[in-house]
Amino acid sequence: MQQGYFITGTDTNAGKTWATIALMRYFKKQGKTVAGMKPVASGCLLDNGTLKNADALLIQANASLDIAYDLINPYAYEAPISPHLAGLDKPVNLDLVKAGFDRLKPLADIILVEGAGGWYAPLNAREDISDLAQRLALPVILVVAIKLGCINHAKLTHEAIGLKGIDCAGWIAVCSDPGMLNYEDNIDTIKNALSAPLLGILPYQEIADFDGLAEQLQL
């Protein structure tokens, strides 16, 4: 691994997966090999007797090499609820996630790890997403859903990342609300408020064009 990033968001459905796949396509166009993880996912569906998550399958499909699903998504929960509740019978163990991440590191130039929910989404009785990012020792890319309330959400999450002692490598604006008024002004306000650089603005799309989204990124 030459570089890794942890992808977090201002909330659930902020656009983390679309941003993650766009980043994978971006780095591929730079001539890099890419792999990814979504260590924890809820709301998984049975596929030939195995619980799998649609976002994790996208990450698997966009990797530069074939990677076993269990390595990408070791904690796949069926119930569409917070992981600390969905995983009562099999709680997330950060040591095991770190071991899986260490197995991925020699396989690709760039490793992207997508979180679940927001920065403080609980993973088990004691630990949350911020603890996972800290355990993996990766700089964070913050995905901001551009919708009503996004300025407050972006500033709070960016501040929380800093309080954890983790570097925020940048943020990505995801235009998730086609009816959002003055979205450019909101993005400019966030850009002026955060010390981390804006890495790209992903326009609203009904169906993702990941190659097109990748063209909006600049790291």
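Q: Why are α1 and α2 called roughly parallel to each other?
A: In this predicted model, the axes of α1 and helix α2 (residues 54–61) come within 10 Å and cross at roughly 5 degrees. Axes are lines fitted to C-alpha atoms, for helices over the stretch in contact, and angles run from 0 to 180 degrees between N-to-C directions. Angles under 35 degrees count as roughly parallel, so α1 and α2 are roughly parallel to each other. Helices are DSSP runs of H or I with at least four residues, strands are runs of E with at least two, and both are numbered from the N terminus.

Q: Which residues of α1 and α2 meet?
A: Thr17, Thr20, Ile21 and Met24 in α1 meet Asp55, Leu58 and Ile59 in α2, where contact means heavy atoms within 4.5 Å. By class, this contact has four nonpolar, two polar and one charged residues. Ala, Val, Leu, Ile, Met, Phe, Trp, Tyr, Cys and Pro count as nonpolar, Asp, Glu, Lys and Arg as charged, and the others, Gly among them, as polar.

Q: What makes the meeting of aspartate 211 and arginine 25 a salt bridge?
A: The term requires a side-chain nitrogen of Lys or Arg within 4 Å of a carboxyl oxygen of Asp or Glu. For aspartate 211 and arginine 25 the N to O value is 3.1 Å, and the structure holds ten salt bridges.

Q: Why does this pair tie together parts that are apart in sequence?
A: Aspartate 211 lies in helix α9 (residues 210–214) and arginine 25 in helix α1, so the parts joined are 186 residues apart in sequence.

Q: How are residues and atoms treated here?
A: Residues are numbered from 1 along each chain as its sequence is written, and side-chain values use heavy atoms, with hydrogens and water left out. Local features need pLDDT of at least 70, side-chain atom pairs count only at pLDDT 80 or more, and totals for chains, interfaces and linings use all residues.

Key. Parallel < 35°, antiparallel > 145°, perpendicular 65-115°, else oblique.
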